[in-house]
Amino acid sequence: MEGEKGFFSVLAWFQHTALAQEIRGGTWSYAALEVVHLIGVACLVGSILAFDLRLMGLSRGLEARGMMRHLLPLAAIGFALAAASGSLMFMADAVALAANRAFQVKLVLILLAGLNALACHRGPLSGMGAWNRHVAPPWAARAMAVFSLVFWLAVVACGRLIAYV
């Protein structure tokens with residue numbers, strides 16, 4: 001209990017900083033951050049969706065390696081935008097958000113999606129040359145793509161649910 005009180009004390013301090021107060025009380029601050037966050041999420045999830053569908057076996061005529069080279073930087077930019085804007089929005093109401101179950105689940109899902117991506121890049125994607133085009137990806141790549149889609153779509157759903165839970 002003592003550690004939890006300390007954690008929430010730090011969060012309370014964050015949400016009382018001048019930056020957090022400006023985000024919360026500024027005319028356009030929070031709204032602008034939401035727009036940046038949505039653009040980041042769209043770039044991230046859109047890129048991942050396209051690549052995951054390829055990994056699941058759709059559009060086998062498209063070169064998987066080329067898609068990865070094209071989409072991975074866009075996904076990284078989207079993640080950076082979403083993480084930065086999301087962190088700033090978090091500061092504005094840190095105590096309530098940290099206690100929000102949908103927010104908590106969203107963070108766990110982002111962690112799981114990241115671990116899945118890391119495992120996929122170290123595993124099936126490292127042997128992509130054998131199935132780069134016109135060949136079905138290995139079952140491990142397809143399974144990880146399904147998990148990726150489920151995790152990221154659930155992240156989006158939890159993000160929307162934060163306001164209602």
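Helix H3 contributes the largest share of the nonpolar patch, namely three residues, where helices (H or I, at least four residues) are DSSP runs numbered from the N terminus. The structure is a predicted model, in which local features need pLDDT of at least 70 and side-chain atom pairs count only at pLDDT 80 or more, while totals for chains, interfaces and linings use all residues. Residues are numbered from 1 along each chain as its sequence is written, and side-chain values use heavy atoms, with hydrogens and water left out.

The patch on the surface is formed by Val35, Val36, Ile39, Ile77 and Leu81, which together have about 390 Å² of accessible area; the elements that give two or more residues to this patch are H3 and H4. Patches of this kind are made of residues with over 30% relative accessible area and no salt bridge, nonpolar side chains (Val, Leu, Ile, Met, Phe, Trp, Tyr) being joined within 5 Å, and the areas come from the Shrake-Rupley method with a 1.4 Å probe. A salt bridge is a side-chain nitrogen of Lys or Arg within 4 Å of a carboxyl oxygen of Asp or Glu. Val35 lies in helix H3 and counts as partly exposed at 48% relative accessibility, given that buried means under 20% relative accessible area, exposed over 50%, and partly exposed in between.

Helix H7, which covers residues 139-161, has 23 residues and reaches 33 Å from its first C-alpha to its last, close to the 33 Å expected at 1.5 Å a residue. Buried residues of H7 include Ala141, Met144, Leu149, Trp152 and Val155, and the buried residues of this helix pack against helix H3 (29-55), helix H4 (64-92) and helix H6 (101-122), contact being defined as heavy atoms within 4.5 Å.

A search of the whole structure finds four aromatic pairs. Among them, the rings of Phe7 and Phe8 have their centres 5.4 Å apart and their planes at 80 degrees, so this pair is edge-to-face; rings pair if their centres lie within 6.5 Å, with planes under 30 degrees apart counting as stacked, over 60 as edge-to-face and the rest as tilted. Phe7 is partly exposed, with a relative accessible area of 46%, and Phe8 is also partly exposed, at 23% relative accessibility. The rings of Phe147 and Phe151 have their centres 6.1 Å apart and their planes at 25 degrees, and the pair is therefore stacked. Because Phe147 and Phe151 are four residues apart in helix H7, they are separated by about one helical turn. Phe147 is partly exposed, with a relative accessible area of 48%, whereas Phe151 counts as buried at 15% relative accessibility.

Terms used. The expected span of a helix is 1.5 Å times one less than its number of residues. Buried means under 20% relative accessible area, exposed over 50%, partly exposed in between (1.4 Å probe, protein chains only). Patches are made of residues with over 30% relative accessible area and no salt bridge: like charges are joined within 9 Å, nonpolar side chains (Val, Leu, Ile, Met, Phe, Trp, Tyr) within 5 Å. Rings of Phe, Tyr and Trp (its six-membered ring) pair if their centres lie within 6.5 Å; planes under 30 degrees apart count as stacked, over 60 as edge-to-face and the rest as tilted.
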